[in-house]
Amino acid sequence: MTTTDDLHPDIAAALAEIPGGVVIDSHHAEWPELGMTMDVPSEHERAVGSCADGNVCAFSGSSLSGTRVSFSYCGTYSPGITVRSIANARSAGYVQARSSSGSVLATAIATSWANVSGTVATLNCVP
């Protein structure tokens, strides 16, 4: 059984920030009502570098690396991690990383990704 002491710091921080999270294990959590999952690669795994078909994702590292948060439907979300890249694995629309003032920091159109600079407050997915 995973205890709070065993949780990866990214998982613990997201659980504290975003209500409704469920721990899967020390490196995985989900928010069923948001359609959101978070996966932190372990030291034995390669960095997560893909976003599942139909999802939009945010990554803590540039070029789709590091901790991944994925959303299975479009909306406006607080990613719960420091975002350095975003991906849109949907067949249409776009996802934007936005600052707290609403400025667009990066945009990923359908089937693409983008690196992000600046502090991301929300991810906005447009169908």
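In the predicted model, Cys74 and Cys125 form a disulfide, with their sulfur atoms 1.8 Å apart; a disulfide is taken here as a pair of cysteine sulfur atoms within 2.5 Å. Cys74 lies in the loop between strand S5 (65-71) and strand S6 (76-77), whereas Cys125 belongs to strand S11 (residues 122-126), so the bond ties together parts that are 51 residues apart in sequence. Strands (E, at least two residues) are DSSP runs, numbered from the N terminus. Cys74 is partly exposed, at 21% relative accessibility, while Cys125, at 8%, counts as buried. Buried denotes under 20% relative accessible area, exposed over 50%, and partly exposed in between, with a 1.4 Å probe and protein chains only.

A disulfide also joins Cys51 to Cys57, with an S to S distance of 2.0 Å. The torsion about this S-S bond of Cys51 and Cys57 is about 85°, and the disulfide is therefore right-handed. Cys51 is buried at 14% relative accessibility, and Cys57 is likewise buried, with a relative accessible area of 2%.

Over the whole structure, the search found 2 disulfides. With bonded cysteines counted along the chain, the disulfides of the protein follow the pattern 1-2, 3-4.

Residues are numbered from 1 along each chain as its sequence is written, and side-chain values use heavy atoms, with hydrogens and water left out. As the model is predicted, local features need pLDDT of at least 70 and side-chain atom pairs count only at pLDDT 80 or more, whereas totals for chains, interfaces and linings use all residues.

Methods
Helix = DSSP H or I, 4+ residues; strand = E, 2+ residues; numbered from the N terminus.
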